[in-house]
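Please look over the sequence and the structure shown here before reading on. The paragraphs that follow lead through the chain part by part.

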Amino acid sequence: VVDVRNKFEGIWRLSKLGVPVDKDPGKDFVGVSEALLEEIAKVLEFPVASLLPDEAFTVVRKSFDARKKEPKFVYTVNINVNKLLSLEPRTFDFISRLEPKIGVVEHMIDDKDSGDLISIVKNCREADQTMGLKEVGPSNLTGGLSTYPITKTPKVAVVGSGPSGLFAALVLAEFGADVTLLERGKPVEKRGRDIGALVVRRMLQRESNFCFGEGGAGTWSDGKLVTRIGKNSSTVVAVLKTLVHFGATQNILVYGKPHLGTDRLVPLLRSFRQYLQELGVTIKFGTRLDDLMIEGSQVVGVRISDSENNLQWNNRKFGYDAVVLAVGHSARDTYEMLLTHNVDLVQKDFAVGFRVEHPQELINSIQYSQLANEVQSGRGKVPVADYKVAEYVHRESEDLALDSERKTRSCYSFCMCPGGQVVLTSTDPSELCINGMSFSRRSSKWANAALVVSVSSKDFDALGYHGPLAGVEFQRTFERKAAILGGGNFVVPVQTVTDFLDEKLSVTSVPSSSYRLGVKATNLHELFPQYLTEALQRAILLFEEELPGFVSENALLHGVETRTSSPVKISRHPDTYESTSLKGLYPIGEGAGYAGGIVSAAVDGVYAGFALAKELGLYKGSI
Ligand code: FAD
């Protein structure tokens with residue numbers, strides 16, 4: 001029901017406005033085009049589109065839909081009703097007739113701009129001061145740090161500068177904590193050189209690579225900013241706005257599938273760093289957390305190794321009131337250290353498989369048919385095509401790890417990088433694992449994606465791995481096998497999709513690959529247990545039904561994709577984010593099992609930052 005009193009105020013939202021490709025200015029334009037005004041005029045039933053003032057409309061979402069016969073850009077638009085009526089009073093009759101239609105017109109949406117995290121925390125602090133926080137004294141919350149006197153500035157160590165650590169550090173520092181950010185890898189400028197040496201000269205630095213270093217695993221990535229949390233959630237919007245504050249393009253706030261690309265991530269991280277330093281955050285690169293200092297059941301500090309003295313690791317101790325652990329899913333040494341302190345760690349399901357690479361042109365033509373020409377290596381009107389496939393695969397042969405209750409496994413594509421390249425994400429030279437990255441234009445001639453099958457504790461048991469780190473051992477087994485199958489030197493074992501389905505060695509020349517360190521034709525059936533291989537084979541045949549052309553002798557499977565998400569969960573209290581077994585320890589992000597991607601890791605960092613600020617008595621409001 002429309003509230004008539006408010007009908008001519010505030011913001012109305014129109015969604016599902018489709019503009020045909022030939023009329024739209026193209027994927028890079030997020031303003032209000034004439035063609036879009038025509039669509040708006042149709043919904044308003046306003047006869048002259050050219051009379052509609054474009055200032056009254058804001059594009060809040062733009063995505064590309066190639067599924068229909070006539071591919072379209074699909075828009076969601078906000079109407080500032082007051083502005084519209086003042087600029088073009090003749091629209092009054094049309095607006096007054098407009099009724100909300102499910103999924104097309106929403107009325108009275110809140111026009112409050114949530115802002116980025118910097119302004120959000122400032123507002124929270126101001127609200128606290130209005131409430132008289134200063135006079136309240138020590139926080140009266142219960143829990144590990146609840147008696148912390150707010151007259152002393154609390155000292156917090158944030159370990160790891162991936163998205164979760166960076167956002168936690170930002171929130172805590174904005175609330176006034178004395179934050180030290182410890183990162184085992186190097187700042188992006190130096191990390192870039194190490195990655196160059198890896199890709200060109202095969203030199204893998206253990207502490208500075210595709211997983212470790214400033215920005216974490218997401219820096220040399222595709223920079224996709226999609227998340228299953230929902231892009232309209234206020235925390236996701238605040239994270240995206242914070243990225244814009246640090247230099248990301250405004251259009252990530254509008255695109256249905258926003259992405260940055262490595263070239264944009266690197267300068268963004270530099271300005272993020274600079275801002276943290278201006279806030280007073282001490283950032284220590286080349287500094288690895290080796291151990292926790294514990295008194296009773298409380299963390300009181302960290303033992304670190306750092307590279308200050310000619311890259312010699314030494315063992316130094318520093319006291320902190322709380323330690324935020326944001327170490328990502330490849331910090332296997334850190335997991336082992338936590339176990340020595342009996343920190344609650346449990347196994348977590350994840351997925352393993354291959355990275356499949358197709359010529360990008362093939363994916364464009366599968367997804368867009370005639371329109372494929374419009375792609376032009378990322379310079380054209382429509383976005384470089386992507387895909388997402390998922391199927392449940394029924395068990396056929398003996399599958400040791402499935403019991404009578406569980407008859408299916410899920411197989412799916414993951415982290416698809418259109419116009420990207422396959423990269424080495426190993427952190428140890430005896431292991432081989434891969435992932436994908438891209439630059440902002442997504443202009444390479446390849447499209448890659450993980451093609452994986454879900455695994456759980458039964459699979460780890462089947463290989464004889466038990467205990468909290470069984471999943472890590474499971475990963476390692478296949479990473480070592482892949483290194484051996486490739487023949488060493490980070491050469492990746494590959495097989496065409498058609499030969500994998502036929503279980504045939506790709507003897508003739510394999511199609512070219514974007515992977516820079518070389519590929520070797522092998523039989524990838526030698527990698528995983530048969531039941532996992534069969535599940536992947538069956539899934540590929542189902543994917544072919546969805547995307548005809550997916551099965552191709554030009555499609556190359558690369559082994560092995562193992563680090564799809566964390567194999568471990570570090571248990572924590574849902575409200576305080578504090579470890580269930582160790583006071584003062586705050587496990588966050590992907591490595592702790594609470595995120596799977598750049599945005600969800602950042603969001604976890606934000607919530608943890610607020611929760612810890614509250615525990616430290618720096619914040620009184622709700623989280
Ligand atoms: P991480 O980003 O893993 O950061 C952890 C940090 O902790 C690292 O910098 C590490 O050096 C540091 N660290 C570890 N141990 C210690 C220690 N003991 N002492 C000090 N420091 C330590 N996600 C997306 O959403 N979109 C994508 O397009 C995308 N592409 C990807 C491409 C690649 C090649 C990779 C590897 C990942 C990609 N991901 C992508 C996943 C995404 O990067 C991660 O989900 C995300 O970075 C997790 O954030 P995090 O903060 O939890 O951990």
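How many residues lie between β2 and β3 in the hairpin that they form? There are six residues between β2 and β3 in this hairpin, where strands are DSSP runs of E of at least two residues and helices are DSSP runs of H or I of at least four residues, both numbered from the N terminus. The model is predicted, so local features need pLDDT of at least 70 and side-chain atom pairs count only at pLDDT 80 or more, while totals for chains, interfaces and linings use all residues. Residues are numbered from 1 along each chain as its sequence is written.

Strand β2 (residues 57-65) runs antiparallel to β3 and is joined to it by eight bridges, two strands being counted as paired if DSSP finds at least two bridges between them. Within this pairing, F57 has I79 of β3 as its bridge partner. Strand β3 (residues 72-80) is also joined by eight bridges to β1 (residues 11-20), again in antiparallel fashion, and here R13 stands opposite N78 of β3.

In the chain as a whole there are 16 helices and 23 strands. Of its 623 residues, 48% are buried, a residue being buried if 20 or more other C-beta atoms, placed from the backbone, lie within 10 Å of its own, exposed if 12 or fewer do, and partly exposed in between. Among the contacts with a separation of 6 or more, 71% are made by residues 24 or more positions apart, a contact meaning that the C-beta atoms, placed from the backbone, lie within 7 Å.

Strand β11 (residues 322-325) is joined to β23 by three bridges, and V324 stands opposite Y586 of β23.

The ligand is surrounded by 45 residues, of which G160, G162, G216, G328 and G589 are the closest, a residue being near a molecule if its C-beta atom, placed from the backbone, lies within 6 Å of it. Two or more residues of this shell come from each of α6 (163-174), β8 (287-295), β17 (434-438) and α16 (598-615).

Of these elements, α6 has 12 of its 12 residues buried, so this helix is largely enclosed by the rest of the structure. At 1.5 Å a residue, the 12 residues of α6 should span 16 Å, which agrees with the 16 Å between its end C-alpha atoms; the expected span is 1.5 Å times one less than the number of residues. Just after α6, G176 takes a positive phi of about 105 degrees.

Helix α15 (residues 530-546) has 17 residues that should span 24 Å at 1.5 Å a residue, and its end C-alpha atoms are 25 Å apart, which agrees. Its buried residues, among them Y531, L532 and F543, pack against β13 (350-359), β14 (390-394), β15 (408-417), β18 (446-455) and α14 (497-502).

Finally, N342 is found in the loop between α10 (332-340) and β12 (345-347). N342 is exposed, with 10 other C-beta atoms within 10 Å.

Notes. Two residues are in contact if their C-beta atoms, placed from the backbone, lie within 7 Å.
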